[in-house]
Amino acid sequence: MGIKQVRTLTTTLPSVTWIPLARAHAERADEMTAGHRARRATGEKHAIEDFLYDYYGTRPSVLRRWHPGVGTGLSPAPDGVAEHAAWKFYMTYPDGVVTLDEVAFMHARGESVRYIHGLLTATASRPVFSGCFGLHEWAMVYRDPEHRHPLPLRLGQAETDRVVEQHPIRCTHYDAFRFFTPEAVGLNRLQPTRATQVDLDQPGCLHAAMDVHKWATKLGPAVPGALALDCFALAGDIRLLDMQASPYDLSSYGHEPVKIETPEGKAEYVARQREFARRAAALRARLIRVCEELLGPEDAARNREAVAPFNHR
């Protein structure tokens with residue numbers, strides 16, 4: 001455990017404040033992951049919720065670990081310094097206050113912080129587009145008898161294909177587009193790549209909104225615990241709509257479909273999509289502030305300038 005002297009902390013929490021916060025955080029995280037942990041013990045799969053753990057690599061043990069966030073120190077408890085002192089990327093002041101070691105963190109993850117800051121800033125600069133109707137999930141099964149989930153298609157294969165063919169496909173998110181079937185790729189109005197993600201991600205996209213959890217995870221101990229769990233909660237809520245609006249029959253899970261092939265279903269999808277975009281915008285703004293605290297005002301300004309050509313597209 002190295003002892004260093006660094007810049008002044010923004011906030012120092014007494015142990016009577018941060019210990020209950022850490023305990024409540026762990027309890028909230030355990031409640032959020034209880035279903036997954038129970039299924040994991042028996043090997044049971046879940047077509048909706050497993051995505052949060054398999055695709056994003058979420059680990060319940062990591063999610064329940066509370067961090068105060070960048071710029072916040074933890075005063076010693078009566079029984080000694082905060083356990084965070086032994087955790088990666090933490091340091092201890094001579095008076096026993098434990099905090100994130102920003103120098104070490106940026107040395108290890110500075111490139112990622114700059115990328116995340118740029119991507120989130122560019123995404124936040126754009127208007128919400130809500131005309132995709134979740135057709136990315138339909139494009140993932142288009143003209144393909146092999147499906148990602150062991151669930152029946154509620155309209156059958158032929159009618160599912162017809163829905164795809166009768167609607168414009170406007171997916172902007174590479175991590176959805178890359179799972180399109182070969183026959184569906186050419187139907188998309190855009191051809192996203194990893195290299196164009198900063199140029200194309202927009203705040204109405206369900207996957208871009210779910211990704212606030214991804215970026216919070218990558219920023220790790222720099223993100224306050226409450227923000228990390230809020231991002232995870234949003235990702236879970238969005239994932240449900242993502243699957244409800246998909247071609248899969250979710251009746252075995254007790255969920256009604258959002259029938260995006262109908263005017264009523266489209267209206268419901270757009271209303272819920274816009275509410276998720278609103279929630280994601282607030283969380284995205286908080287993650288941007290975390291990045292800017294790590295970068296400092298001058299580096300953050302340079303990074304904003306570097307992505308400025310991508311803004312508002």
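I started with a pair of helices: Leu 206, His 207, Ala 209, Met 210, Val 212, His 213 and Ala 216 in helix 10 meet Cys 231, Phe 232, Leu 234, Ala 235, Ile 238, Arg 239, Leu 241 and Asp 242 in helix 11. Contact here means heavy atoms within 4.5 Å. I sorted the residues of this contact and got eleven nonpolar, two polar and two charged. For that sorting, Ala, Val, Leu, Ile, Met, Phe, Trp, Tyr, Cys and Pro count as nonpolar, Asp, Glu, Lys and Arg as charged, and the others, Gly among them, as polar.

A note on the source: this is a predicted model, where local features need pLDDT of at least 70, side-chain atom pairs count only at pLDDT 80 or more, and totals for chains, interfaces and linings use all residues. Residues are numbered from 1 along each chain as its sequence is written, and side-chain values use heavy atoms, with hydrogens and water left out.

Next I looked up the geometry. The axes of helix 10 (residues 206-219) and helix 11 (residues 225-244) come within 8 Å and cross at roughly 150 degrees. Axes are lines fitted to C-alpha atoms, for helices over the stretch in contact, and angles run from 0 to 180 degrees between N-to-C directions. Helices (H or I, at least four residues) and strands (E, at least two) are DSSP runs, numbered from the N terminus. So helix 10 and helix 11 are roughly antiparallel, the word for angles over 145 degrees.

Then I went to Arg 272, which sits in helix 12 (residues 263-295). I found Arg 272 partly exposed, at 24% relative accessible area; buried is under 20%, exposed over 50%, and partly exposed in between (1.4 Å probe, protein chains only). Beyond its neighbours within four places in sequence, Arg 272 is in contact with Leu 241, Gln 244 and Val 258.

Last stop: two loop residues. I placed Pro 68 between helix 3 (60-63) and strand 2 (72-74), where Pro 68 is buried at 9% relative accessibility. I placed Ser 246 in the loop between helix 11 and helix 12, and Ser 246 is buried too, at 0%. Not counting residues up to four places away in sequence, Ser 246 touches Glu 137, Trp 138 and Arg 154.

Terms used: Parallel < 35°, antiparallel > 145°, perpendicular 65-115°, else oblique.
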